[in-house]
Amino acid sequence: MQAMVLKKLKSPLEWTDLPDREPGPGEIRVKVSACGVCRTDLHVVDGELPNPQTPIIPGHEIVGRIDAIGPGVTDLRMGQRVGIPWLAHTCGVCPYCADGHENLCDRPIFTGYTRDGGFATAAVADARFAFPLGEAGDDVALAPLLCAGLIGWRSLVIAGDGKKLGLYGFGAAAHILIQVAKWQDRSVYAFTRPGDTAAQDFARKLGAVWAGGSDETPPILLDAAIVFAPVGDLVPLALKALRKGGRVVCAGIHMSDIPSFSYNLLWEERQIVSVANLTRQDGIDFLKLAAEIGIVTQTTEYPLAEANRALDDLRAGRFEGAAVLVP
Ligand SMILES: [Zn+2]
Ligand SMILES: [Zn+2]
């Protein structure tokens with residue numbers, strides 16, 4: 001197999017030939033057909049997450065077909081198309097696993113961070129954490145659903161039922177989530193980097209009722225705001241845009257420091273919460289809904305060997321929607 005491997009933090013991934021891997025008990029191996037590029041991959045490469053491991057193959061939005069099955073796997077079959085998400089394994093016995101919050105497991109393993117991911121021609125995964133994808137839809141188009149879509153979905157649920165929803169950062173996650181929000185009859189207010197008129201046009205094209213820079217004030221007060229951009233400065237700005245009792249949801253795994261702000265912004269039962277990881281139930285719920293809604297993703301394809309260019313383009317905001325690597 002071949003992979004783009006992160007051998008040293010903060011350095012480019014390296015094209016590497018590796019011996020083929022066999023799935024162990026309870027595992028499957030997939031031949032990767034597409035793997036999305038997520039902002040979390042940038043945080044992995046940049047060493048911004050705790051206890052980084054190298055060498056590691058990044059990538060946790062994997063679409064592929066099973067080409068080897070380990071002992072004990074009974075509910076998946078050879079040739080089946082599956083998605084492999086960020087959540088690679090949970091312990092099943094800690095208090096969080098026991099009460100249905102496996103996203104907060106005390107001893108988790110994450111794809112592309114603490115076990116090898118999908119920037120490769122093949123990947124081995126715990127079969128219990130792979131999602132059967134069926135045959136509808138294109139491999140590349142489905143890949144961004146596996147993290148951008150899923151985390152967006154979990155964030156939306158945690159944001160509550162309010163109809164006026166702000167999205168800060170209009171990238172891979174927001175361009176999927178706006179389709180869910182519209183389907184739920186909500187109004188979306190999209191905030192981009194100040195002056196990024198291309199992203200604002202993109203948001204309006206997808207149905208945002210308003211789009212502007214993150215330094216702008218929306219025309220009405222919002223019920224909830226989801227912050228996808230990894231920029232702590234956005235948190236007080238988002239609070240300022242909320243009605244009483246509104247909620248700011250921080251959806252990223254990493255964010256720059258949040259500046260201090262006046263308690264008045266939080267007063268009147270406004271809330272700030274974060275969203276961490278996913279549960280398998282999130283995946284089941286969201287992938288079913290995505291098919292029902294007919295979510296259309298906008299993707300920019302890169303050959304696997306050009307993963308570094310894809311990461312650079314993501315960092316610089318050079319494309320709309322999501323980047324996807326194709327081996
Ligand atoms: Zn656990
Ligand atoms: Zn991700």
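P55 has its place in the loop between α1 and β4 (62–69), where helices (H or I, at least four residues) and strands (E, at least two) are DSSP runs numbered from the N terminus. The model is predicted, so that local features need pLDDT of at least 70 and side-chain atom pairs count only at pLDDT 80 or more, while totals for chains, interfaces and linings use all residues. Residues are numbered from 1 along each chain as its sequence is written, chains are lettered from A and ligands numbered from 1 in the order in which they are written, and side-chain values use heavy atoms, with hydrogens and water left out.

**Exercise 1. Backbone details in a loop**

Task: State what kind of peptide bond joins T54 and P55, and find where N51 is placed.

Solution: Begin with the bond between T54 and P55, which is a cis peptide bond with an omega of about -5 degrees. Then turn to N51, which also has its place in the loop between α1 and β4, and which has a positive phi of about 50 degrees although it is not a glycine.

**Exercise 2. The zinc site**

Task: Identify which residues coordinate the zinc ion (ligand 2), and work out which parts of the chain C38 and C147 tie together.

Solution: First list the donors (N, O and S atoms within 2.8 Å of the metal, or 3.2 Å for Na, K and Ca; water is not among the atoms, so sites may look incomplete). The zinc ion (ligand 2) is coordinated by SG of C38, NE2 of H60 and SG of C147, at 2.0 to 2.2 Å. Next, write the donor spacing along the sequence, which is C-x21-H-x86-C.

**Exercise 3. How α4, α5 and α8 pack**

Task: Determine at roughly what angle the axes cross for α4 with α5, for α4 with α8 and for α5 with α8.

Solution: Axes are lines fitted to C-alpha atoms, for helices over the stretch in contact, and angles run from 0 to 180 degrees between N-to-C directions. Angles under 35 degrees count as roughly parallel, over 145 as roughly antiparallel, 65 to 115 as roughly perpendicular and the rest as oblique.

Step one: the axes of α4 (residues 148–159) and α5 (residues 172–183) come within 8 Å and cross at roughly 55 degrees, and these helices are therefore oblique to each other. A148, G149, G152, W153 and L156 of α4 make this contact with A172, A173, I176, L177 and V180 of α5.

Step two: the axes of α4 and α8 (residues 280–293) come within 10 Å and cross at roughly 105 degrees, and the two helices are therefore roughly perpendicular. Here G149, L150, W153 and R154 in α4 meet D282, G283, D285, F286 and L289 in α8.

Step three: the axes of α5 and α8 come within 11 Å and cross at roughly 75 degrees, which makes α5 roughly perpendicular to α8. I176, Q179, V180 and W183 of α5 make the contact with F286, L289, E292 and I293 of α8.

Methods. Contact means heavy atoms within 4.5 Å.
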